[in-house]
Every structure is written in structure tokens, then in C-alpha cells.
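This briefing concerns selected local features of one structural model. Please consult the sequence and the structure shown below alongside the points that follow.

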Amino acid sequence: METLPAFVDYLSHERRMAAKTVDAYRSDLAEFFNFLRHHMGEEPTPKLLGELKARDIRAHIAQRRRDGLSDASVARLLSSIKALYRWLNRAFDIENAEVAYLQGPKRPKRLPRPVSAEAAKDMIEEAADDPDVAPWINARDAAVLSLLYGAGLRISEALSLTGGEVPAPERLRITGKGGKVRIVPLIPAVREAINFYAEQCPYALTRTQPLFRGAKGGALNPRLIQGLVQRLRGLLGLPDTATPHALRHAFATHLLAAGADLRAIQTLLGHASLSTTQVYTGVDASRLREVHAAAHPRA
């Protein structure tokens, strides 16, 4: 089996990575392999990859930079290449010490900016009261935004719900990134928004069909929610940082401000590590020390 297809098969079936993640690896490495075919004059077999020098990989990165690749994309490309070499070591016992020393561009940490509690409430209320669309679409939009802010869901998670969630339960079972499953409680306001939408929706909401529908009855496109939030920003005079993801961020930030435990927020968001939640909520080291001091039995 050729090297790249074998690696992609490993990511899909052994690592069970999400389809979008696998596609990103495949795209990055297809470009890398095409470069090597011209640069080295032969097919990039495991043996050839084991003999590559750091300068060969840097030449490819330099070419991609000339093509306009951003720092973030360069970092992802290098991550893809290093993942390939970890697999080569595992599958073929091939090591390339030079690859380990390659470093990507340093990227500044950027914190997502949450919307205020008042702005989140205004967005949901405005979405529910648009005279230019059908009442059931108003109810749908308000229910989706309620899930982002009231339950901390990602857009993809909210739109993956089916009619089996009606009437809205007190807890949702959500499958998030990497296939991780978590239980998310629904506050009464969110349940009411979902149930009201279900009553208004003109389409049958079966257990196997999407809960949120487009105007013609198909699955709701996430771009419509992104466009909705963009329109609401203009109506309410909110900054460009008021995005659908900012509602999820506001969910975490407002819970933290109200005294919620970081571990609980981590679980609700579906983050694999607490450090991700710390960055996500803009928590500094002093807040972590407070949590540690309050929870540790020897504190």
C-alpha cells in the first residue's frame, strides 16, 4: 500500500480521527509528497522519508510560504509531517532525528471574546422577533442561539440534534470533537425555546431526522446561523467579535464569573484538558491557584 493512503487509513480506522481532521492531514501531506516527487526525483517511500534532511522539509515549507500560507497553516503543516513520522516509526521502525528539531512559527495566544450577558439575551430575543421571516423560523433561530449560549454547544453539535430530543429533556447526550461524549444539562429557558420551535415547525420531527430544518425542510445549514448572527450584530451595534462561537465562550465565562468550578466547565464544554478550558475562559494563574487552594485537602 502506498505511504500516504496507508497513513490516512491509520488515522481513520486506528486513531478514529474526525473526518475533517483526516482531510486536513491528507491535504497537507499530499502537497508535501508532490513536492518531494519533484524535489527528490522519486516516489516518497518510507525509506526515502527516513533519509530526508531537515533542509528538504524546510524547502517545502518555504515554497508554501511563498504561495501565501499563513503562520497557522504552516504550524498545521508541520504538525501533519511530524504525525506522519511518528506513524513511520511505529509502522516501519523508521526514525528521522532531524524532524524532531523542526519548529513552526510562534503563534500568539488569542482569547475568544465573549459577548455580555445582556448582549446574548438581546441576540436571542431579536432572533425570535424578525417580522420578515415566518414565525417558525424565528422560533428555530432563537432555539439554536439558546443552545449555544444556554448550553455551551458548538454550532455543529446543536445542528446534529434530531427530533428525538423533543420534548426537550433535562439533559442532552452530545457527541463532540473526536467522538467524545458528554452530558449537558438544559436549563428551563433552553428547553422552552426548543419545545416552542418544535410546536411551530411545519415539518415532521422524527427521531432519525434533523431537529433544526431549513426553509425547504432540509437540514439547517450552519452558514444560515452565521449569517443570522452577523445580521444581529448590525442591528444591535455589537462588535465583529460577536460570533456564534462567542456565545459558547460567553456560556463558559459567565458560569466562571458566577463561581462555577473549572472542572465542571471543562466537562460541560467537552474539553479534553483543563488547560484548554483555562485559555478558553481567559483564566489566569491566580484563579487556578484559588481553585486549587479551595479544593485540595492539604491546602
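In the hairpin of E1 and E2, 5 residues lie between the strands, and Gly-178 there takes a positive phi near 70°. The model is a predicted one, in which local features need pLDDT of at least 70 and side-chain atom pairs count only at pLDDT 80 or more, while totals for chains, interfaces and linings use all residues. Residues are numbered from 1 along each chain as its sequence is written, and side-chain values use heavy atoms, with hydrogens and water left out. Helices (H or I, at least four residues) and strands (E, at least two) are DSSP runs, numbered from the N terminus.

**The hairpin strands**

- Strand E1 (residues 171-175) and strand E2 (residues 181-185) run antiparallel and are joined by 5 bridges; two strands pair if DSSP finds at least two bridges between them.
- Within this pairing, Ile-174 has Arg-182 of E2 as its bridge partner, and Thr-175 stands opposite Val-181 in E2.
- E1 has a covered face, formed by Leu-172 and Ile-174, and an uncovered one with Arg-171, Arg-173 and Thr-175.
- Buried means under 20% relative accessible area, exposed over 50%, and partly exposed in between (1.4 Å probe, protein chains only).

**Helix packing**

- The axes of H2 and H5 come within 9 Å and cross at roughly 85°, which makes H2 roughly perpendicular to H5.
- Axes are lines fitted to C-alpha atoms, for helices over the stretch in contact, and angles run from 0 to 180 degrees between N-to-C directions.
- Angles under 35 degrees count as roughly parallel, over 145 as roughly antiparallel, 65 to 115 as roughly perpendicular and the rest as oblique.
- The contact of H2 with H5 comprises 9 nonpolar, 2 polar and 2 charged residues.
- In this classification Ala, Val, Leu, Ile, Met, Phe, Trp, Tyr, Cys and Pro count as nonpolar, Asp, Glu, Lys and Arg as charged, and the others, Gly among them, as polar.
- Helix H7 (residues 117-127) and helix H8 (residues 135-150) have axes that come within 7 Å and cross at roughly 160°, so H7 is roughly antiparallel to H8.
- The residues of the contact of H7 with H8 divide into 8 nonpolar, 2 polar and 1 charged.
- Asn-138 belongs to helix H8 and counts as buried, at 8% relative accessibility.
- Not counting residues up to four places away in sequence, Asn-138 touches Ala-127, Ala-128, Asp-129, Asp-130 and Val-133; contact means heavy atoms within 4.5 Å.

**Helix H4**

- Helix H4 (residues 54-66) has 13 residues and reaches 18 Å from its first C-alpha to its last, close to the 18 Å expected at 1.5 Å a residue; the expected span is 1.5 Å times one less than the number of residues.
- The buried residues of H4 are Ala-54, Asp-56, Ile-57, His-60, Ile-61 and Arg-64, and their cover includes helix H2 (19-40), helix H5 (71-92) and helix H6 (97-100).
- Just after H4, Gly-68 takes a positive phi of about 100°.

**Backbone exceptions**

- Most residues other than glycine have a negative phi, and most peptide bonds are trans.
- Arg-16 has a positive phi near 55° and is exposed, with a relative accessible area of 65%.
- Asp-93, in the loop between H5 and H6, also has a positive phi near 55° and counts as exposed at 63% relative accessibility.
- A cis peptide bond joins Val-166 and Pro-167, with omega about -5°; Pro-167 is in the loop between helix H9 (155-159) and E1.
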